[in-house]
Amino acid sequence: MSKLKIAIQKSGRLSESSRKLFEECGIKISNGAGTLKIVASNFPIEILFLRDDDIPQYVEQGVADIGIVGENMVFEKNKEVDILEQLGFAGCRLSLAIPKEENYSGHGFFINKRVATSYPHLLGKYFTSNNITATVEEISGSVEIAPGVGLADAICDIVSSGSTLLMNGLKEVETIMKSQAVIIANRNILPGKKLILEKLLFRIRAVKNARENKYILLNAPREAITEICQILPGMKSPTILPLAEEGWCSLHSVVKEDEFWDRIDQLKNAGAEGILVIPIEKMVL
Ligand code: PRP
Ligand code: ZN
């Protein structure tokens, strides 16, 4: 049977999380430092390690069937590929940044300025749609040093933690797009490989759902249960078990990771005690 070929970043912001995703899907890929191609031992896939900048093109041409890459790269390269799934990691934004001592009072700042970037397509579109005439200096890496060495007045680059900008005396002034890792696919994947892809996506979604949710257990007086159930919509209805202590129950449910702090305050106010929040390994809906 032919294997599904998957392109992932060789080294950089996405590579560690991409490998980890396969691991959490129960797919074994050996570490093989330096090799550019690895076959998984227990799933019919082959991993190609590439520069993220090249992944959209390889997927368009069918050298790889699918790829894991940032949306930023997908929209910049503008290749004929489909986005199948957002993966929820490698979050970042494509932003304009200027030397921190400059005053900034809006995007008119960029009129007739030189802006260094590895994202000429997205930056060009941004300037056009905002009626800004500026010079785009395309460079392939270390964009953040351009203002310091006199190559440009500003930069347009990926910002994640913001530490690269900080270290180079720059400040972020406009966000052009938000981005995260996605799965892109070739538009003509063969039927046999499509089956493998469906199995892989099934696993990836189970891992993703698990990451986005937490299992929550708590104790509460029986009369507080109705209110607590309204706070915790859960997967279906929560599980409620009686406790040995008269009038008390234990309640189990699932909450969204990004909502749980908020919910926990509401739960405490409603009378919940002994609240435990536990990671979920896999979650199949
Ligand atoms: C981006 C960008 C910065 C860094 C910013 O590189 O070019 O170097 O991340 O991250 P920070 O805000 O956390 O400091 P990316 O990994 O996208 O670049 P590459 O694939 O072009 O090397
Ligand atoms: Zn890159």
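Reader: Where does ligand 1 sit?

Author: Keep in mind that this is a predicted model. Ligand 1 sits in the largest pocket. Two elements give two or more residues each to the shell around it: β9 (154-159) and α5 (163-167). Of the elements, β9 gives the most, with 3 residues.

The residues around ligand 1 are Gln9, Arg13, Asp52, Glu144, Asp157, Ile158, Val159, Ser160, Ser161, Gly162, Ser163 and Thr164. Sorted by class, that shell has 6 polar, 4 charged and 2 nonpolar residues.

Let's zoom in on some polar contacts. In the side chain of Asp157, an N or O atom is 2.7 Å from an oxygen atom of ligand 1. Gly162 uses its backbone instead: a polar atom there is 2.7 Å from an oxygen atom of the ligand. Then there's Ser163, with a polar side-chain atom 3.3 Å from a ligand oxygen. As for how covered the ligand is, ligand 1 taken alone exposes 520 Å², and the protein buries 72% of that.

Stepping back to the domains, the assignment for the chain gives domain 1 (4-89 + 180-189), domain 2 (92-179) and domain 3 (213-279). The shell around ligand 1 draws at least three residues from domain 1 and at least three from domain 2.

Note on methods
Residues are numbered from 1 along each chain as its sequence is written. Chains are lettered from A and ligands numbered from 1 in the order in which they are written. This is a predicted model: local features need pLDDT of at least 70, side-chain atom pairs count only at pLDDT 80 or more; totals for chains, interfaces and linings use all residues. Side-chain values use heavy atoms; hydrogens and water are left out. A residue is near a molecule or strand if one of its heavy atoms lies within 4 Å of it. A polar contact is a pair of N or O atoms within 3.5 Å; within protein, one must be able to donate a hydrogen and the other to accept it, and residues adjacent in sequence count only if both atoms are side-chain atoms. Accessible areas come from the Shrake-Rupley method with a 1.4 Å probe; for residues, only the protein chains shown count as cover. On a 1 Å grid over the protein atoms alone, a cavity is a set of points where a 1.4 Å probe fits but cannot get out, and a pocket is an open set with protein on both sides within 12 Å along at least five of seven lines; lining residues have an atom within 4 Å of a point. A molecule sits in a cavity or pocket if more than half of its atoms lie within 2 Å of its grid points. Helices (H or I, at least four residues) and strands (E, at least two) are DSSP runs, numbered from the N terminus. Ala, Val, Leu, Ile, Met, Phe, Trp, Tyr, Cys and Pro count as nonpolar, Asp, Glu, Lys and Arg as charged, and the others, Gly among them, as polar. Domain bounds come from an automatic or database domain assignment.
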